[in-house]
Amino acid sequence: MTRRILLVNGPNLNLLGTREPEVYGTATLADVERITAEAAASLGFEIRTVQSNHEGVLIDAIHDARGECEGIVINPAGLTHTSVVLRDALTGVSLPFAEVHISDVYAREEFRHHSFLHDVAAVRVIGRGVEGYAEALRELVSLL
């Protein structure tokens, strides 16, 4: 049986590599997916990936992960600070998840300091660049 982790990337992360490189670096979303897939493979897992600028698409993917995945690694992007329904989807599927942020949200604008996910995430990795995805995946798998 294949062991899977769902990798979720929220709004605007499709612009990685060109969007504010001084904040997010020059790695692309394809780089994030490759880094995460390599880390997963080294632990005997595969990843299923979704990126969308539409909240409902992300919620549907999280719902679909139930029964197919053992956990979720998510960078909710701006939805971190605004989305109760994303939180409800993550808690509703009863899968452990890791919250990832490429930049240090606590060193940025005040509104980025609040996360609707912080108290329900099994793992949080913040400000470690795109390598934070692999770190979050390893920490999450260690809890499974």
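Predicted model: local features only at pLDDT ≥ 70, side-chain atom pairs only at ≥ 80, totals over all residues.

Helix 2 came up first: I count 14 residues in it, and from first C-alpha to last it reaches 20 Å, close to the 20 Å expected at 1.5 Å a residue.

Next I asked which residues of helix 2 are buried. I get Leu 29, Val 32, Ile 35, Thr 36, Ala 39 and Ala 40. Looking down the axis of helix 2, I see these buried residues fall within an arc of 130 degrees, so they line one face of the helix. That buried set packs against strand 1, strand 2 and helix 5 (131-143). On the face turned away from the buried side I find the exposed residues Ala 30, Ala 41 and Ser 42. Just after helix 2, Gly 44 has a positive phi of about 85 degrees.

Arg 3 has Phe 45 in strand 2 as its bridge partner.

What lies across these strands?

I checked for positive phi at residues other than glycine. Asn 12 is not a glycine, yet has a positive phi of about 75 degrees. I place Asn 12 in the loop between strand 1 and helix 1 (21-24), and at 36% relative accessibility it counts as partly exposed.

Ser 94, again not a glycine, has a positive phi of about 55 degrees. I find Ser 94 in the loop between helix 4 (84-92) and strand 4 (97-101). Is Ser 94 buried or exposed? Exposed, with a relative accessible area of 63%.

**Salt bridges**

How many salt bridges does the structure hold? I get nine, and wrote down some of them.

Arg 4 pairs with Glu 46, with the closest N and O atoms 2.8 Å apart. This pair links distant parts of the chain, as Arg 4 sits in strand 1 and Glu 46 in strand 2, 42 residues apart. Arg 4 is partly exposed at 28% relative accessibility, and Glu 46 is partly exposed at 35%.

Glu 68 and Arg 48 also meet in a salt bridge, at 2.2 Å from N to O. Glu 68 is in the loop between helix 3 and strand 3 while Arg 48 is in strand 2, so this pair ties together parts that are 20 residues apart in sequence. Glu 68 is partly exposed at 42% relative accessibility, and Arg 48 is partly exposed at 23%.

For Asp 119 and Arg 87, I read 2.6 Å between the closest N and O atoms of the salt bridge. Asp 119 lies in the loop between strand 4 and strand 5 and Arg 87 in helix 4, so parts that are 32 residues apart in sequence are tied together.

How values were computed. Residues numbered from 1 in each chain as written. Heavy atoms only, no water. Pairing = 2+ DSSP bridges. Helix = DSSP H or I, 4+ residues; strand = E, 2+ residues; numbered from the N terminus. Expected span 1.5 Å × (residues − 1). Buried < 20%, exposed > 50% of the residue type's maximum accessible area, 1.4 Å probe, protein only. Arc of directions from axis to C-beta. Contact = heavy atoms within 4.5 Å. Salt bridge = Lys/Arg side-chain N within 4 Å of Asp/Glu carboxyl O.
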